[in-house]
Structures are given as C-alpha cells and as structure tokens.
Amino acid sequence: MNPTFTVIRDVSESLKSFIQDNIDEISNPNRVVFDSPAEVNAGGQPRLSLFLYKVRYNKYWRNEPRTRVGVNQIQDKPLIMDLMYLMTPFSNNTETELIVIEKLLSLFYDNTVLRGDQLEGDLIANGNESLRIVPDDLSLDEIEKLWTAFPNRSYRLSIPFIVSPECIPSSRINIVPPVIRKDIEFNLIEDRG
C-alpha cells in the first residue's frame with residue numbers, strides 16, 4: 001500500500017460531507033469551512049467552522065505490526081494519529097447557533113463511527129476502514145488557552161471532538177532476503193522411565 005498523503009484531508013472532507021448531509025441549517029455548499037473561528041465571518045447565513053486544531057501521535061497504537069507487501073518486502077508500521085477538531089457555529093442569530101450545536105451533539109452521539117460510503121477519498125485504500133468520533137472533554141483552562149490563539153475573537157460556544165485512530169501508511173518498505181537454507185538441529189532425549 002503506497003501512501004497518498006491525503007488521509008488528514010480525506011478525514012476532514014468526510015466529516016464535512018456527513019455534517020452537511022445531516023444538518024439542514026448548514027447543508028448548502030461553503031457553509032462548513034475548515035477555517036479557524038478567527039477567520040469566519042459571523043454575519044449572514046449560518047456557517048460552521050470545522051477547525052483541525054491539533055494532530056497528535058496515538059500512543060496506544062504504536063505497536064502495530066509491519067505489513068508484508070510482497071514476497072520479500074515488508075512495509076513499516078503505519079503512523080497512527082488522533083485528529084482534534086473544534087466545531088464552532090456562526091450565525092447572525094444566536095438561536096440558530098444553539099440549534100446547530102444541539103444537532104451536532106445529537107449527530108455524533110448517534111453516529112460515533114463513520115464507515116463505507118461515508119468515507120471520502122482514499123481513506124479505505126490507506127487502511128482507514130472507519131472514523132471513530134468522540135467528544136473531547138477539555139477543561140475550562142484548556143478551552144480558554146485554545147481561544148486565546150484566535151486574536152480579536154471573543155469566545156463562542158464550541159464542541160471539541162477527536163477522530164481516532166487514523167492510519168497514515170509508511171512509505172518505507174524494507175527488502176527482506178529470502179530464506180535460502182535453514183539448518184535444523186535435533187537433540188534426542190532418552191526416555192528413562
């Protein structure tokens with residue numbers, strides 16, 4: 001399996017399509033954007049900032065085995081990542097923002113895993129058969145620190161989610177020489193019973 005280096009983009013596109021297909025207020029094109037909350041215009045039609053704010057190594061999946069890709073070729077283990085998104089609705093109407101927040105919470109409560117035709121691009125070809133989506137329980141201090149990264153933007157009600165684990169295939173393939181000869185030594189043990 002050769003990496004296409006599109007896993008992070010394809011995860012984001014899968015989330016965007018799934019949200020647009022299920023939430024009427026932001027179902028039109030260009031209503032769900034990957035821009036940070038600092039870059040989204042708060043007025044006009046309802047919009048959702050689907051902002052990838054952190055990418056981290058998944059420490060629990062670091063011991064994945066290497067994969068045999070040919071008779072004498074072994075591909076290094078994949079890079080396993082967690083993608084952290086901040087979903088922030090924008091509207092000129094606070095009531096609409098609250099409705100979108102509630103629909104997002106309900107949508108990802110009822111659909112914690114996306115798979116099959118819900119996955120965009122080359123996710124399956126890159127070893128990602130499903131997307132697991134869980135709420136990220138950020139503390140008030142963590143939320144405040146996150147929002148200080150958005151200059152000139154006051155805090156808005158947002159939902160942090162983690163999509164994990166995401167597999168990014170290694171591009172390193174090792175050549176393993178074939179076994180030409182193997183000597184086996186036997187030791188007979190006498191039965192003295």
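The protein has three helices and nine strands. The model is a predicted one. The exercises below use this model.

**Exercise 1. In what order do the elements of the protein run from the N terminus on?**

Solution. Start at the N terminus and write α for a helix and β for a strand. The order reads α-β-β-β-β-β-α-β-β-α-β-β. Next, check the tally against the three helices and nine strands.

**Exercise 2. Which residues of the largest nonpolar core touch the most other members?**

Solution. The core holds 28 residues. Those with the most contacts to other members are Val 11, Leu 15, Ile 19, Met 87, Leu 104, Phe 108 and Val 163. Now look at the elements: at least two residues of this core come from each of α1 (7-22), β2, β5, α2 (94-110), β7 (130-135) and β8. Another core, of six residues, lies apart from it and includes Leu 86, Leu 138, Leu 146 and Trp 147.

Take Met 87 as a case. Leaving out residues up to four places away in sequence, Met 87 touches Ile 19, Leu 48, Ser 49, Leu 50, Leu 104, Phe 108, Ser 158, Ile 159 and Phe 161.

**Exercise 3. Is Tyr 155 buried, partly exposed or exposed?**

Solution. First find the residue: Tyr 155 sits in the loop between α3 (140-148) and β8. Its relative accessibility is 47%. Exposed requires over 50%, and buried requires under 20%. Tyr 155 therefore counts as partly exposed. Together with Leu 98 and Leu 157, Tyr 155 forms a nonpolar patch on the surface, with about 300 Å² of accessible area in total.

**Exercise 4. What percentage of the residues of the protein count as buried?**

Solution. The protein has 193 residues, and 38% of them count as buried. For the surface, the protein exposes about 12400 Å², with carbon and sulfur atoms supplying 49% of it.

Conventions:
Residues are numbered from 1 along each chain as its sequence is written. This is a predicted model: local features need pLDDT of at least 70, side-chain atom pairs count only at pLDDT 80 or more; totals for chains, interfaces and linings use all residues. Side-chain values use heavy atoms; hydrogens and water are left out. Helices (H or I, at least four residues) and strands (E, at least two) are DSSP runs, numbered from the N terminus. Buried means under 20% relative accessible area, exposed over 50%, partly exposed in between (1.4 Å probe, protein chains only). Accessible areas come from the Shrake-Rupley method with a 1.4 Å probe; for residues, only the protein chains shown count as cover. Patches are made of residues with over 30% relative accessible area and no salt bridge: like charges are joined within 9 Å, nonpolar side chains (Val, Leu, Ile, Met, Phe, Trp, Tyr) within 5 Å. A salt bridge is a side-chain nitrogen of Lys or Arg within 4 Å of a carboxyl oxygen of Asp or Glu. A nonpolar core is a set of buried Ala, Val, Leu, Ile, Met, Phe, Trp, Tyr and Cys residues joined through side-chain atoms within 4.5 Å. Contact means heavy atoms within 4.5 Å.
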